[in-house]
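Reader: Please take me through the side-chain pairs and the packing of this model, one point at a time.

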Amino acid sequence: MRERLITVLILLPLVLAALLFVSGEVLTLLLAIVLTYCAWEWSQFVAPASRMGRIVFTVLVADLMVALFAFTGFELRWPYLMEVAVVGWVLTVIWVARYPTPMPAFVALVVGAAILVVAWAALSLLALAGWQWLLFLLVLVWAADVGAYFVGRAIGVRKLAPRVSPGKTWAGVAGGASLSVVVAGFGAWWFALPPVSFMSLCLAAALISVLGDLTVSMFKRSSGMKDSGRLLPGHGGMLDRVDSLLAAAPVLVAGLIHLGVIQ
């Protein structure tokens, strides 16, 4: 716990500084760098024994992000991209429920590339809509994680997905959802949006963020790994820190498009 807190205290000022003092366009580049590093960690699921294979996967993900930007310019010329991503994340419930299932390299490649590239697009759209939206997503997901951690430790009994992540409980999910609703209520007031629809959207994003965590956990467990890396003391790898965001970002963006916040 001490290592985790120290890491947070170091990273938090850096994240806030980037949000406050860096333009949206530069933020998209920084996000691309972060998610390219996540691709390097994910490459362990694709080609664990081949350094060249890992490099190829990482470069592929970076190239796909460049291609997406070149083709769309973040003007949402593919208006249903985020909706398709939401459907995909919802369907992972079946995958998690059926685990353990085979995780061949091709599946890891396709799933990883799709998750990381779409998440980058969603996070970049939030950054371009205003740094406050990106900060709100971070706080929303952190609230869901913190609520789940403390409520799960205090009263959690029934396991959520014991074959994937034995530490997660249904009580923890409820605790995380409850705290995320509080954050959503503040967000509805801050952004002057309809409370019911916006809070419902935020609750959906918080709940689906759990699937992001579980999906990465499936691949780690299939690869015999506890953490995706050692970059962040007490937390593991970068992928371990952003797995929930990967799922929550497309959900929030899809909802904000329907609410007319993102054009």
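**Side-chain pairs and core**

Reader: Which residue forms a salt bridge with Asp213?
Author: A salt bridge needs a side-chain nitrogen of Lys or Arg within 4 Å of a carboxyl oxygen of Asp or Glu. In this model, the closest N and O atoms of the pair are 3.0 Å apart. The partner of Asp213 is Lys168.

Reader: How many residues apart are Asp213 and Lys168?
Author: Asp213 sits in helix α8 (residues 195-222) and Lys168 in strand β2 (residues 165-169). Helices (H or I, at least four residues) and strands (E, at least two) are DSSP runs, numbered from the N terminus. The pair links distant parts of the chain, and the separation is 45 residues.

Reader: What do the numbering and the values rest on?
Author: Residues are numbered from 1 along each chain as its sequence is written, and side-chain values use heavy atoms, with hydrogens and water left out. The model is predicted: local features need pLDDT of at least 70 and side-chain atom pairs count only at pLDDT 80 or more, while totals for chains, interfaces and linings use all residues.

Reader: Is Lys168 buried, partly exposed or exposed?
Author: Buried means under 20% relative accessible area, exposed over 50%, and partly exposed in between (1.4 Å probe, protein chains only). Asp213 has 15% and is therefore buried. Lys168 has 22%, so the class of Lys168 is partly exposed.

Reader: Which residue forms a salt bridge with Asp240?
Author: The closest N and O atoms of this pair are 2.6 Å apart, and the partner of Asp240 is Lys220. Asp240 lies in helix α9 (residues 238-258) and its partner in helix α8, so the pair ties together parts that are 20 residues apart in sequence. Asp240 is buried at 7% relative accessibility.

Reader: How many disulfides does a search of the whole structure find?
Author: A disulfide is a pair of cysteine sulfur atoms within 2.5 Å. Cys38 is buried at 0% relative accessible area, and Cys202 is buried at 1%. The number of disulfides found is 0.

Reader: Are the rings of Trp133 and Phe191 stacked or edge-to-face?
Author: Rings of Phe, Tyr and Trp (its six-membered ring) pair if their centres lie within 6.5 Å; planes under 30 degrees apart count as stacked, over 60 as edge-to-face and the rest as tilted. The structure holds 13 aromatic pairs. For Trp133 and Phe191 the centres are 3.7 Å apart and the planes are at 10°, so the pair is stacked.

Reader: Where in the chain is Phe191?
Author: Trp133 belongs to helix α6 (residues 131-155), 58 residues away from Phe191. At 17% relative accessibility Phe191 counts as buried, and Trp133 is buried at 7%. Phe191 is in the loop between α7 (170-190) and α8.

Reader: Which residue forms a charge-over-ring arrangement with Trp40?
Author: A charge sits over a ring if NZ of Lys or CZ of Arg is within 6 Å of the ring centre and within 35 degrees of the ring normal. Here the charged end is 3.9 Å from the centre of the Trp40 ring, and the residue is Arg54.

Reader: Which residues does Ala122 touch, not counting residues up to four places away in sequence?
Author: Ala122 is in helix α5 and is buried, with a relative accessible area of 0%. Contact means heavy atoms within 4.5 Å. Beyond four places in sequence, Ala122 touches Met82, Ala249, Pro250 and Val253.

Reader: Is Gly167 buried or exposed?
Author: Gly167 is found in strand β2. Its C-alpha is 9.8 Å from that of Val157, 10 residues apart in sequence. With a relative accessible area of 65%, Gly167 is exposed.
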